[in-house]
Amino acid sequence: MTVKSLIRGSLRARLILSFATAILVPALITTIVGVQTIKKHGYGQAQSKINSDLESAKEIYASTLDRLKDTLRIHATRMVLYRALSTGDRAELGPEMERIRAEEGLDILTLVDARGAVVFRAANPALAGDDLSGDPTVQAVLARRNPVASTEVVPEGVLRRESEALARQAAMDLTPTPHARPTDQKRLTAGLMLKGGAPVFTPNRQFMGVLCGGILLNRNYTLVDKVRTVVFKDAYYHGLETGTVTIFQDDVRVSTNVKGPDGARAVATRVSEEVAAEVLDRGGTWRGRAFVVSDWYLSAYAPLKDLDEKTVGMLYVGLLEKPYRDSLARSLALFLGIAALGVVLLIIVATRVSHRIARPIAEMALAADEVAVGDYSQRVVMRGTDEIAHLAEAFNRMVAELQDTHHALTGWTETLEQRVERRTAELKAMQAQLFQSEKLAAVGKLAAGVAHEINNPLTGILTNASLMLEDLPPDDPRRPDLQTIVDETLRCRTIVKGLLDFARQTQPQKTTLSLNKVVEDVLALVRNQASFRNIALRTALDPSLPPVMADQDQMRQVVLNIVLNASEAMAKGGELHIASLRDPQRGRVEVSFRDTGPGIPDDVKARLFEPFFTTKATGTGLGLSIAYGILERHGGEIRADSSTGHGTIITLALPEGPHGG
Ligand SMILES: Nc1ncnc2c1ncn2[C@@H]1O[C@H](COP(=O)(O)OP(=O)(O)O)[C@@H](O)[C@H]1O
Ligand SMILES: [Mg+2]
C-alpha cells in the first residue's frame with residue numbers, strides 16, 4: 001500500500017466519517033424529534049377536533065330535544081286540546097292534531113288525559129282509550145306537570161299501536177359485525193325515539209292531560225345529517241366523508257351516515273364490544289381510533305340517556321383518519337426529504353472539504369517519500385492561502401533547505417574523501433620510504449662487512465698480479481691473462497669502494513656551500529670525458545640561490561652519480577639540462593637534472609634507489625642508492641620523475657642553509 005492510498009484510505013475516510021457522524025447524529029435526532037412532534041401535533045389536533053366535534057354533536061342533539069320539548073309545550077296550550085279534554089268537544093281535535101304532527105315533523109303525537117288514557121292518536125286515530133300511564137314520558141309529565149324530553153327506547157308493541165309503518169321503520173335484521181358483543185339476538189324490533197311531553201292546562205291552570213310527541217330515530221337520517229352538515233361541513237376526502245355521525249340504539253347503528261361497502265347507510269351493524277362496555281355499561285365517553293365499517297376513524301362515543309338516566313344508546317362522531325394520516329405522511333416525507341437533502345448536501349461538502357485537506361497531505365506524503373529516497377527536487381503545488389497551503393509552503397521550504405544541506409554535505413564528503421586519499425598516499429609513500437631506508441641500512445651493514453673483508457685480499461691480488469706483470473717480458477704469452485686479472489681486480493675494487501661509500505655511516509661534515517658551485521665543479525670534471533662528447537650540457541642556475549649546510553664531498557658524489565647516469569642513458573647523444581631554484585614556500589633549495597634519454601619504465605622506477613639494482617651489464621646499482629642515503633642524512637630528498645620515451649628528471653632538494661638570501 002502506497003503512502004498516497006494509505007492517506008487517501010484512512011485520513012479521508014476518517015474525515016468523512018467524522019463529518020458524517022457530526023451530520024447524521026443530529027439529523028437522526030432531529031428526524032426522530034421532528035417525526036414525534038409532527039405525529040403528536042397532527043394527532044393532537046385531530047383528537048382535540050374530535051372532542052369538540054362530539055361536544056357540538058351533543059349540543060345539536062340536546063337542542064333538538066329542547067326544540068321538541070318547546071314545540072310540545074307551545075302546542076299544549078292550544079284551546080282545542082284543553083277544550084277537548086275538559087268539555088269532550090273533539091270536533092276540531094283530529095284535524096288540528098294531524099296538522100301539528102305534520103307541521104312539526106313528528107312521527108307520533110298523542111293526547112292523553114289526566115289519568116293516562118289515550119284521547120287521540122294523530123298517527124292512528126282509530127285507536128284510542130288505551131292506557132298510557134305506564135309510558136315513561138307520560139308518567140313523568142303526569143308526575144311533574146312540566147314538559148320533558150329525552151331519548152327513549154320504544155317497544156315494538158307501542159310502535160305498532162302508533163302505526164304499522166313506524167314499527168316497520170324501526171325493525172331491522174342485525175348484521176353480524178366483527179368485534180361486536182356476542183349476542184343471540186337476530187333482529188331489532190324496538191325503536192329509539194326523541195320523545196317529549198308537555199302538560200295541558202286549562203286557562204285557569206287546571207291540569208287536564210299530556211300532549212306527547214316523538215320522532216323515531218331508526219332510519220331517520222335528518223338529525224345525523226344535520227349534525228354532519230353543521231360539524232363537518234359535509235367535507236369529502238377522496239370520495240370519503242371526512243366526518244360521520246351515528247346514533248346507536250343500545251349497540252346497534254339505527255341512524256348513521258357511515259356508508260357500508262355497498263354504499264348504503266350502514267344501519268343494523270353493531271359497535272365493538274370495547275366501546276359498548278365503556279359507554280353502554282359504564283355510561284362514560286369513549287375516544288380513540290376505531291375501525292368503522294371499512295376505514296379507520298378518530299372516534300368519540302357519548303351515551304344517550306333516557307328520563308331515568310339509563311343509557312339507552314350512543315351518539316357517535318368520527319373523523320376520517322386518512323386525511324390526517326396522509327397529511328402526516330406528507331409532512332414526514334417533506335421533513336425527511338429536507339433532512340435527507342441536508343445530509344446529502346453536507347456529505348458533498350464534507351467530501352469536498354476532506355478531499356481538499358487530504359489531497360495536499362497525500363501529495364506531501366508522496367513527496368516526502370520521494371525525498372526520503374533522495375529525490376530533493378520534489379515540490380508540492382500550493383493552492384489557496386489557508387493552513388494547508390501554508391503547510392505546503394513550509395514543506396517546500398524544508399525540502400529546499402534539505403537539498404542545500406545535502407549538497408553541502410556531499411561536498412564535504414568529497415573533500416573529505418580527497419583528503420583521506422591524499423593522506424593515505426602520503427602515508428604510503430612515507431611507509432615505502434621507511435621501508436627503503438631500513439632495507440638500505442641492513443644491506444649497507446652487510447656490504448660494509450663484506451667489503452672490508454674483501455678489500456685486503458683484493459689489494460694482495462692486485463699488488464702481486466701487478467708485480468708479476470712487471471716481471472714478465474713483454475712477449476710472454478701469460479701477459480694477457482695476468483692483465484685480465486689486474487683489470488678485473490681493479491673492477492672489484494671499484495665495487496668494493498662503492499660498497500664502502502654506500503655503507504659509510506659517518507655523519508656528513510656539513511659546511512655552508514653553494515649547490516651551484518658543486519654542480520659547476522662536477523661539470524668541469526666530466527665535461528672533457530669521452531662519454532660526454534655527444535651531450536649538450538645546459539645549465540640554468542639561480543644566482544641568488546641560498547646556500548645549504550652540506551658535506552661538500554658527499555654532494556659532489558651525488559651530483560656526479562646523477563650526471564654519470566644521464567650520460568649513460570644518452571650513449572648516442574642528447575641534452576642534459578641542469579637547473580637550480582629556490583622553493584621559498586618549503587624553505588628548500590632544489591636542483592633538477594633533466595636528460596633526453598629513454599626515460600625510466602615504471603617497474604624500474606619502483607626499484608631505482610634499491611642497492612645493487614641495475615639495468616646495466618657492468619653497473620653496480622649503487623649510484624642512486626648512495627645518493628639517497630646521503631640526502632637522507634642531510635634532511636633532504638631525491639626523487640625521479642620519468643616515463644618511458646620522455647626522458648628523466650632527477651631532482652635534489654635540501655633545506656636552505658642558515659644564511660639565506
Ligand atoms: N638518467 C637515467 N635515465 C635512465 N635510467 C636511469 C637514469 N639514471 C638511473 N637510471 C636507471 O637506474 C639504475 C640504477 O642506477 P644506479 O643506482 O646509478 O646504478 P648503475 O648506474 O650502476 O646501474 C640504472 O641501472 C638505470 O637503469
Ligand atoms: Mg650509476
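This is a short tour of a predicted model, one selection at a time.

Before you start: residues are numbered from 1 along each chain as its sequence is written, and chains are lettered from A and ligands numbered from 1 in the order in which they are written. Local features need pLDDT of at least 70, side-chain atom pairs count only at pLDDT 80 or more, totals for chains, interfaces and linings use all residues, and side-chain values use heavy atoms, with hydrogens and water left out.

**Domains.** Select 56–323 for domain 1, then 443–655 for domain 2. These bounds come from an automatic or database domain assignment. Their C-alpha centres lie 165 Å apart.

**Helix H9.** Select 321–372, which is helix H9 (a DSSP run of H or I, at least four residues, numbered from the N terminus). Zoom to Leu 341, which lies in it. Leu 341 counts as exposed because its relative accessibility is 55% (exposed means over 50%, with a 1.4 Å probe and protein chains only).

**Ligand 1.** Select ligand 1 and the 18 residues that surround it (a heavy atom within 4 Å). Among the closest are Thr 614 and Thr 615. Now look for polar contacts (pairs of N or O atoms within 3.5 Å):

- Asn 565: a side-chain N or O atom is 2.8 Å from a ligand oxygen.
- Asp 595: a polar side-chain atom lies 2.8 Å from a ligand nitrogen.
- Lys 616: a side-chain N or O atom is 2.7 Å from a ligand oxygen.

On its own, ligand 1 has 530 Å² of accessible area, and the protein covers 92% of that (Shrake-Rupley method, 1.4 Å probe).

Key
Helix = DSSP H or I, 4+ residues; strand = E, 2+ residues; numbered from the N terminus. Buried < 20%, exposed > 50% of the residue type's maximum accessible area, 1.4 Å probe, protein only. Polar contact = N/O pair within 3.5 Å; in protein donor to acceptor, adjacent residues only side chain to side chain.
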